[in-house]
Amino acid sequence: GSGGDIAIDDIAFINCSPGDFYGPADCSFENGYCNYLNQRHEDNFDWTRIQGTTPSWDTGPGFDHTYNDTFGHFVYIETSFPRIPDDKAILTSAWIKTQNPVSGIFSGYNCTFSFWYHMYGVDVDTLEVVMKTKDGNQTIVTKTG
């Protein structure tokens with residue numbers, strides 16, 4: 001049968017000032033979802049935190065990226081049945097300040113982020129990282145499998 005997975009792990013923010021975040025933003029998913037919100041009314045299903053390998057055969061990573069073994073954790077979504085085109089699973093971070101509200105100085109220009117991802121399978125569609133601002137949404141990463 002067909003199948004597919006998208007997995008993410010080790011979200012890290014680099015060169016960020018301590019005051020750039022309203023809450024912790026780095027996450028290896030070893031102790032839960034950190035400060036990420038997994039339940040959104042704008043999506044159709046949720047990310048699943050798992051240890052080891054994903055349940056669908058030969059689609060997901062065989063181990064955690066943080067520790068490079070089957071004892072660590074990561075989050076993933078199954079992209080095969082019962083998923084249908086345009087289904088979404090949204091994982092939301094804490095707000096990240098890009099402008100100091102007092103001084104008006106932009107602090108986020110040197111602040112970058114990285115994350116590990118795995119996408120594999122017949123039914124894999126798209127992984128997007130979207131930055132929400134007061135002016136709207138901006139897609140900053142798009143990966144299609």
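These notebook entries record what I looked up in a predicted model of one chain.

**Entry 1. Overall make-up**

I began with the secondary structure. The chain has six strands and zero helices, and along the sequence I read the pattern β-β-β-β-β-β. I then turned to burial and surface. Of the 145 residues, 34% count as buried. The accessible surface of the chain comes to about 9100 Å², and carbon and sulfur atoms hold 53% of that area. I also looked up how far apart in sequence the contacting residues are. Among contacts in the chain with a separation of 6 or more, 63% join residues 24 or more positions apart.

I next followed strand 1 to its two partners. Strand 1 pairs with strand 4 in the antiparallel sense over nine bridges. On that side I located Ile-14, which stands opposite Thr-112 in strand 4. Strand 1 also pairs with strand 3, again in the antiparallel sense, over four bridges. There I noted Ile-6, whose bridge partner in strand 3 is Ile-77.

**Entry 2. The nonpolar cores**

I then listed the members of the largest nonpolar core. This core has 18 residues, of which Ile-6, Ile-8, Tyr-36, Trp-47 and Leu-91 touch the most other members. Strand 1 (4-14) and strand 3 (73-78) are the elements that give two or more residues to this core. The largest share, four residues, comes from strand 1.

As background, I noted that nonpolar side chains tend to be buried together in soluble globular proteins.

**Entry 3. Tyr-117**

I returned to one residue from the list for Ile-8. Tyr-117 is found in strand 4. Is Tyr-117 buried or partly exposed? Its relative accessible area is 33%, so I recorded Tyr-117 as partly exposed. Leaving aside neighbours within four places in sequence, Tyr-117 is in contact with Ala-7, Ile-8, Leu-127 and Lys-143. I also looked up Tyr-117 against Asp-10. These two residues are 107 residues apart along the chain, and their C-alpha atoms are separated by 8.8 Å.

**Entry 4. Thr-79**

Thr-79 lies in the loop between strand 3 and strand 4. At 13% relative accessibility it counts as buried, because the cut-off for buried is under 20%. I then asked which residues Thr-79 is in contact with. Beyond its neighbours within four places in sequence, Thr-79 is in contact with Gly-4, Asp-5, Ile-6, Asp-123 and Val-124. Ile-6, in this list, is also one of the residues that touch the most other members of the largest nonpolar core.

**Entry 5. The disulfide**

The structure holds one disulfide. Cys-27 and Cys-34 form this disulfide, with their sulfur atoms 2.0 Å apart. I looked up its handedness: the torsion about the S-S bond of Cys-27 and Cys-34 is about 80 degrees, so the disulfide is right-handed.

Which burial class does each cysteine fall into? Cys-27 is buried, with a relative accessible area of 4%. Cys-34 counts as partly exposed, at 42% relative accessibility.

Conventions:
Residues are numbered from 1 along each chain as its sequence is written. This is a predicted model: local features need pLDDT of at least 70, side-chain atom pairs count only at pLDDT 80 or more; totals for chains, interfaces and linings use all residues. Side-chain values use heavy atoms; hydrogens and water are left out. A disulfide is a pair of cysteine sulfur atoms within 2.5 Å. Buried means under 20% relative accessible area, exposed over 50%, partly exposed in between (1.4 Å probe, protein chains only). A nonpolar core is a set of buried Ala, Val, Leu, Ile, Met, Phe, Trp, Tyr and Cys residues joined through side-chain atoms within 4.5 Å. Two strands pair if DSSP finds at least two bridges between them. Contact means heavy atoms within 4.5 Å. Accessible areas come from the Shrake-Rupley method with a 1.4 Å probe; for residues, only the protein chains shown count as cover.
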